[in-house]
Amino acid sequence: MANPLQAYKTISLETAPPGKLVLMLYEGAIRFLDKALIGMEMEDPLERIETVHNNVTRAQSIISELNHTLDMERGDKVAEVLRDLYLYFDNKLYRSNIHKDGNGIREVIEHINVLREGWSEMLEKDAVAC
């Protein structure tokens, strides 16, 4: 029998509306970046490097997915700005991962938090309007 928590997560992802999925992706990226920052504090160099690298690359995968799902034709200027931001985040995280620099990771977390909050507010307004 499969892990019940993993099964629940899989079903949640498969049945979530697109707007909720974006919110979940932002939250996932933040969660992985928070874990990378925790990894920065590890004393064992190998564990530190692996923890930071693995969590930063997971966040980069999420950001890449967000970038690839942008509708550039219908999204107009908003999609262009988001694409630029996602590319900036990816580049910043790449450099932060190489240099094990927590400042770059914290900066990306701050920006994603702003996007997540805005997205959450938009979803709440849409829910009230329905």
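The accessible surface of the protein amounts to about 8700 Å², and carbon and sulfur atoms contribute 56% of it. The model is predicted. Of the 130 residues in the protein, 33% are buried.

**Fold**
- The protein contains 5 helices and 0 strands, giving the pattern α-α-α-α-α along the sequence.
- Among contacts with a separation of 6 or more, 61% join residues 24 or more positions apart.

**Helix H3**
- Helix H3 covers residues 45-68, and its 24 residues should span 34 Å at 1.5 Å a residue. The C-alpha atoms at its ends are 34 Å apart, in agreement with that expectation.

**Salt bridges**
- The whole structure holds 2 salt bridges.
- One of them pairs the side chains of aspartate 71 and arginine 74, at 3.0 Å from N to O. Aspartate 71 is partly exposed, with a relative accessible area of 33%, whereas arginine 74 is exposed, at 74% relative accessibility.
- Lysine 92 and glutamate 107 also form a salt bridge, their closest N and O atoms lying 3.3 Å apart. This pair links distant parts of the chain, 15 residues apart: lysine 92 belongs to helix H4 (residues 72-99) and glutamate 107 to helix H5 (residues 102-129).
- Glutamate 107 counts as partly exposed because its relative accessibility of 22% falls between the limits of 20% and 50%.

Conventions. Residues numbered from 1 in each chain as written. Predicted model: local features only at pLDDT ≥ 70, side-chain atom pairs only at ≥ 80, totals over all residues. Heavy atoms only, no water. Helix = DSSP H or I, 4+ residues; strand = E, 2+ residues; numbered from the N terminus. Buried < 20%, exposed > 50% of the residue type's maximum accessible area, 1.4 Å probe, protein only. Contact = heavy atoms within 4.5 Å. Areas by Shrake-Rupley, 256 points an atom, 1.4 Å probe, with all protein chains shown as cover. Expected span 1.5 Å × (residues − 1). Salt bridge = Lys/Arg side-chain N within 4 Å of Asp/Glu carboxyl O.
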